[in-house]
Amino acid sequence: MQTGFLQEIKAHIVLGRPVPLSADALTDKVPALSAFEEQYAVSWKEPGEHQALKTVLMTVGGAGAARLETERIPGAISSFGPASVTARERLFVFWINKEGYIAYACRASGKPWSAACTGVLATKARFNAGITAVVLDNGHIALGCHKSGSNKMILLLLQDKGAGMLALSKEISLKMARSLSYPYVSADGNIVRISWSRMDMVHHTTYDTETGEWTAYIAWSDTEAKGSPAVYTGLGMGRELWVWNRSGTSDRIQYMFSGNEEGRRITDLPSFFAIGAASVSFCRQDHDNFIMAYTDKEQKIQISYGSGYDPASWMEHFLFPAKAEYTLKDIVLPGAHDAGMSFLTARGGKSGYTINECNTLTQVIPVSRQLAAGIRMFDLRIDLYRGNLYTKHAPSDCMEDAVGGGWGEPLKQVLESVKRFLDNHNREIVLLSFAHFCERHMSLEEQARFIVNTLGMEKVYFPGDRRLADIPLKELAGKVLITFEEHAFPQWGIVSNTMTDRSDAFLNYSRAYAATNNMDTLLAREQRFFERLQNGVDDNDYIRLDWQLTQIGQEAALSCSQFQSEKSNPFLDGALLLTNVVAKNKSIIDLARIGNRLLPGQIDQWIRKGVINKRNKPNILYVDVADTWITDFCIDLNESALYTK
């Protein structure tokens, strides 16, 4: 990950591909992770009951980590995962021993584990499940524990008595708080945050170690957490990163932020982050970056390097200045299909009564928020509605020719959002791709003039006679590249795009559209598409991965019949509703969320198998429900060898 670029507000994260710690580092619990001696100590127990604890020091280098010799911690045997912290240049590792008490070993800087001092905390309670640990600003250590024989959780406060020996200061039971697992503790100064899971919901509270005051317990009903969430607090401005294993049969990791002005937004990590234990562990790398460790389904310890970042300025942070000489053909951008359809202004067409949010909306946030979420290519289909241009979603160019369709955001609102965004982010690049014009309602020239006048000529990039493959990113920074399908207006900087096997247009979208609601069909078609491009593409080809699961034919009406208006036939309504119940059909948004979960893992697999290579790599990941999840993945790809010259 790059360093030195983060501002005070780190509103999002990007996590690099996980790499195994080593082939023989296996565990069935969560590994512990701490910074120590300008390196990083990973501690774990071997799989099974009453197994030995081991530690390895790793030095971050290049894409992975240089690892030193693994050491066994003398006398450390446990059935549960350890915890670790670094305090006063000493590494402390904690574990639950056979008797259920918490033991620890302390390794001084420059000394091996064989010279470590050890001890057992004199607690009233005995413990199981596991423990977490954090160091407070006053040097004290807080442990989060789970009491044996009950669902009670315990907070232990420890004092360092010197020479690596610890004394129990307080043993506090969390009153009225219950969990089947151990709590996770994190710190802000001398305040301890305790988080846990109960009935699949994240719960949390804080304890002020100076005053002894607790805050009220808070439960987040929109979370689905299996085991206690891990919390990383190094993002600044009161923001916290919360990570957990999604409940149910899933092995997926989810995350969200608290303290964010946009509120909580839960996001799935890509499927190659497949977790085998209940949680993860964090370690701060520097003011920009952090490290995450977890156990995968094969009991291997995986390490991932992460950064906090602002998705609104991701191109500035990740592409400039290192890739300023690259072109759009050298990178990958997140794109929004039918970008203006996050809400339904009106419906139309010959059977307009069958149209509703279920079969028309493709996005969940408007273009202004898509820009802030990092989306940089916008597919816009426009038409007149009540005398003004609006975005639309319809199977025909003119709404009255369509069986059914809908209008979304006003185009003026979209364009003004782009203009305001670039006023504040002059290193970002925006692609506006217009198609499906209804010239019967307004001439193309009038539409072009309206678009450029609303944006302002100063915001539009004028390619002139330049080719797509010859324009460096530094020239596009702060500009909008506007394309019209099969039309150009060079006097206003508008260039033509096509979607064919080969053309002379400025930009040719090379893509394959599956038009299916079947995941297997989509996968097969996209794989065949990339296989056809194995030997490379033309200079004007812009490779677009079209990743849409969509309603087909009459399904658009059938699957969304419960939203029928009063104008529809009552008998038909009943038949359509029955069909919907039996077939379990889904809305466009529902289908997108199903497909989007699989996208990062599938691309990763295609890259590993060579289906996608440097000659045919995608330049646009073009999706419904576009949000920061696809920006995260594009950043990860842009940082990979595939997109590095």
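Visitor: Where is Q363 found?
Guide: Q363 lies in the loop between α2 (357-360) and α3 (367-372). Please keep in mind that this is a predicted model.

Visitor: What makes Q363 count as buried?
Guide: Its relative accessible area is 1%, and buried means under 20%, so Q363 is buried.

Visitor: How far is Q363 from S342, in sequence and in space?
Guide: The two are 21 residues apart in sequence, yet their C-alpha atoms are 4.4 Å apart.

Visitor: And Y309: is that residue buried or exposed, and how do you know?
Guide: Y309 belongs to strand β26 (residues 301-309). Its relative accessibility is 0%, which is under the 20% limit, so Y309 counts as buried.

Visitor: Let's turn to the rings. How many aromatic pairs does a search of the whole structure find?
Guide: The search gives 22 aromatic pairs.

Visitor: Why is the pair of Y255 and F257 called edge-to-face?
Guide: The ring centres are 6.3 Å apart, within the 6.5 Å that a pair needs.

Visitor: What makes W547 and W606 an edge-to-face pair?
Guide: Their ring centres are 6.5 Å apart and their planes are at 80 degrees. That angle is over 60, so W547 and W606 are edge-to-face. The pair links distant parts of the chain: W547 is in strand β36 (residues 541-547), while W606 is in helix α10 (residues 588-609), 59 residues apart. W547 and W606 are both buried.

Visitor: Which residues do ring pairs link into a cluster?
Guide: The cluster consists of F434, F437, F484, F489 and W492.

Visitor: How do you know that the charged end of R427 sits over the ring of F320?
Guide: The charged end of R427 is 4.9 Å from the centre of that ring, and the limit is within 6 Å, together with an angle within 35 degrees of the ring normal. R544 sits over the ring of Y509 in this way as well, with its charged end 4.9 Å from the ring centre.

Visitor: What kind of peptide bond joins F320 and P321, and how do you know?
Guide: Omega is about 0 degrees, and the bond is cis. In general, most peptide bonds are trans. P321 is in the loop between α1 (314-319) and β27 (333-336).

Visitor: Why do α10 and α11 count as roughly parallel?
Guide: Helix α10 and helix α11 (residues 628-638) pack at about 15 degrees, with their axes 10 Å apart. Angles under 35 degrees count as roughly parallel, so α10 is roughly parallel to α11. Their crossing is right-handed.

Visitor: In what order do the four strands of the open sheet stand?
Guide: The order is β12-β13-β14-β15, with antiparallel pairing. β12 (127-135) and β15 (165-178) are at the edges, each with a single partner strand, so one side of each lacks a neighbour in the sheet. From one strand to the next the twist averages 20 degrees.

Visitor: What makes β13 and β14 a pair?
Guide: Six bridges join β13 (residues 141-147) to β14 (residues 152-162), and pairing needs at least two. One of the contacts has L143 with L156 as its bridge partner in β14. β14 also pairs with β15, over nine bridges in the antiparallel sense, and here L156 stands opposite E171.

Visitor: Where does A163 come in?
Guide: A163 lies in the loop between β14 and β15, which form a hairpin with two residues between them. Its phi is near 60 degrees, a positive value in a residue other than glycine. Most residues other than glycine have a negative phi.

Visitor: Why is A163 counted as exposed, and A515 as partly exposed?
Guide: A163 has 57% relative accessibility, and exposed means over 50%, so A163 qualifies. A515 has 38%, which falls between the limits of 20% and 50%, so A515 is partly exposed. A515, in the loop between β35 (507-510) and α7 (519-532), has a positive phi of about 50 degrees without being a glycine.

Terms used:
Residues are numbered from 1 along each chain as its sequence is written. This is a predicted model: local features need pLDDT of at least 70, side-chain atom pairs count only at pLDDT 80 or more; totals for chains, interfaces and linings use all residues. Side-chain values use heavy atoms; hydrogens and water are left out. Axes are lines fitted to C-alpha atoms, for helices over the stretch in contact, and angles run from 0 to 180 degrees between N-to-C directions. Rings of Phe, Tyr and Trp (its six-membered ring) pair if their centres lie within 6.5 Å; planes under 30 degrees apart count as stacked, over 60 as edge-to-face and the rest as tilted. Buried means under 20% relative accessible area, exposed over 50%, partly exposed in between (1.4 Å probe, protein chains only). Angles under 35 degrees count as roughly parallel, over 145 as roughly antiparallel, 65 to 115 as roughly perpendicular and the rest as oblique. A crossing is left-handed if the near helix is turned anticlockwise from the far one by less than a right angle, and right-handed if clockwise.
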